[in-house]
Amino acid sequence: MELVINGGNKLSGEVKLHAAKNAVLPIIACCVLVGEDVVINNVPDLIDIHAMLDIIKSLGGSAEYDEGTVTVNCNSLVPTLIDRELTKRARSSIFILGPILSRFHEAKISYPGGCEIGTRPIDLHLSGLKQLGAEICETEKAIECKGNLNGSEIVLRLPSVGATENIMMAAVLAQGRTIIHNAAKEPEIADLAAFINACGGKVYGAGSDIIIIEGVEKLHGTVYTPISDRIVAGTYMIATAVCGGKLVLRDINLSYISSLVNFLTVAGCRLSYRANDMTVISSGRLSGIPKLSTGYYPYYPTDLQAPMLTLMSVAKGRSELKENLFESRFKHAVWLNEMGADITIDGTTAIVNGVKKLKGKEVFAEDLRGGAALVIAGLKAEGQTIVKNICHIDRGYEKIECLFSAIGGDIYRR
Ligand code: UD1
């Protein structure tokens with residue numbers, strides 16, 4: 001499968017967002033802690049989500065996806081080895097380690113896969129679980145953990161999203177109180193805590209850098225609607241900025257995207273926000289952004305670095321974009337240059353001299369967000385762009401061609 005894009009159209013219309021993939025994935029993993037039905041609403045139909053549901057099924061739980069509604073029941077789950085065939089489909093598979101260990105006092109998982117954007121270690125996940133009392137044995141093929149977990153005080157070396165979530169879930173059924181210092185503050189963390197609390201857990205402070213979890217004996221089922229996807233929202237906003245037009249995004253919390261709003265304003269877009277709706281207006285003629293660095297929330301998200309590089313490619317003047325989280329996250333730059341961009345990569349910084357136009361080309365999605373950046377470039381470029389290897393894009397955007405064609409893009413899948 002590939003995407004065929006005839007560039008040059010403006011983007012206009014309204015968009016209602018799905019729940020955030022990065023909120024839904026840990027919530028599905030967290031269902032392992034619950035012995036009853038959990039219903040999750042507004043879930044996008046994504047490869048990564050199905051990979052997580054398949055892991056639950058492989059362990060004997062039930063997990064169904066029906067038009068945006070996920071129903072999970074982990075009552076009869078058995079903590080057998082999670083096969084590499086399943087874990088290599090998504091890096092987020094590692095999230096399930098903490099909940100399985102917390103509930104069954106043992107867990108076995110093959111090493112996780114995911115986007116090739118850097119080494120992506122899991123040392124913080126494992127050292128956090130060790131501090132809760134787990135014995136961990138890492139073999140060539142799998143990670144085996146066992147032990148009764150007890151609350152502990154854990155200081156993270158850096159505020160890893162996944163490690164914070166894994167430790168938080170492991171602590172839910174642990175004996176006593178756990179305190180996580182230097183926790184990640186991303187909105188998806190606060191959302192996971194809200195889900196746990198809706199199931200009867202006791203998590204306090206999520207969204208700040210200190211999270212306190214009081215262990216409980218068990219969780220009960222619930223119906224939950226996760227927060228909307230700020231990265232998909234940002235992708236749309238940047239695409240509208242690049243192509244020109246007027247887009248209204250429904251149901252987005254301004255604080256989730258405030259750093260992007262600031263930079264789009266610097267680039268020359270008009271943005272307004274009213275009652276959870278964000279409006280972006282762009283003439284398509286943009287100014288460069290002299291300096292932008294990715295960072296932990298609330299700073300500019302690494303997941304919107306790639307789309308922003310497309311914007312800088314066609315913005316007037318010189319821009320500089322520094323990637324601070326992942327070391328191999330500029331693979332899309334090569335393809336943008338193929339399309340006529342002028343980008344030089346110097347270590348973890350991209351130096352961009354804006355060009356007047358991009359030309360349609362055959363390009364290759366090397367990872368999820370880099371793939372989205374190429375789609376935006378194709379929507380802007382003169383002529384036809386073919387984006388290949390779109391399995392990466394399908395991991396994070398539900399039918400991206402439908403998303404964009406609904407607001408005026410000339411894009412289809414074949
Ligand atoms: C999550 C998001 C991903 C996003 C990233 C950063 C999900 C499913 N994915 O990924 O979309 O790009 O946050 O916002 O939510 N690190 C270590 N040791 C560890 C764990 C991480 O050194 O044990 C480092 C990583 O190499 C990276 C940094 O910490 O440099 C941040 O990674 P982390 O926040 O853990 O990202 P993920 O949870 O994998």
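**A ligand between two domains**

Domain 1 (2-17 + 229-413) and domain 2 (21-224) both contribute residues to the shell around the ligand, so the ligand lies between them; the bounds come from an automatic or database domain assignment. Keep in mind that this is a predicted model, where local features need pLDDT of at least 70, side-chain atom pairs count only at pLDDT 80 or more, and totals for chains, interfaces and linings use all residues. Residues are numbered from 1 along each chain as its sequence is written, and side-chain values use heavy atoms, with hydrogens and water left out.

Let's start with the two domains. Their C-alpha centres are 30 Å apart. Across the boundary, 22 residues of domain 1 are in contact with 24 residues of domain 2 (heavy atoms within 4.5 Å). Together the domains bury about 1900 Å², 52% of it on carbon and sulfur atoms; buried area is the accessible area (1.4 Å probe) that two parts lose on being put together, summed over both. On the domain 1 side, Y296, Y297 and R395 lose the most area to domain 2, together 34% of what that side buries.

Now for the ligand. It is surrounded by 20 residues, the closest being D123, S160, V161, D303 and L325 (a heavy atom within 4 Å). α5 (123-131) and α6 (161-172) each supply at least two shell residues, and the largest share, 3 residues, comes from α5; helices are DSSP runs (H or I, at least four residues), numbered from the N terminus.

A backbone N or O atom lies 2.5 Å away in L325 and 2.8 Å away in G162, while a polar side-chain atom of R91 lies at 3.0 Å.

Definitions and conventions:
Polar contact = N/O pair within 3.5 Å; in protein donor to acceptor, adjacent residues only side chain to side chain.
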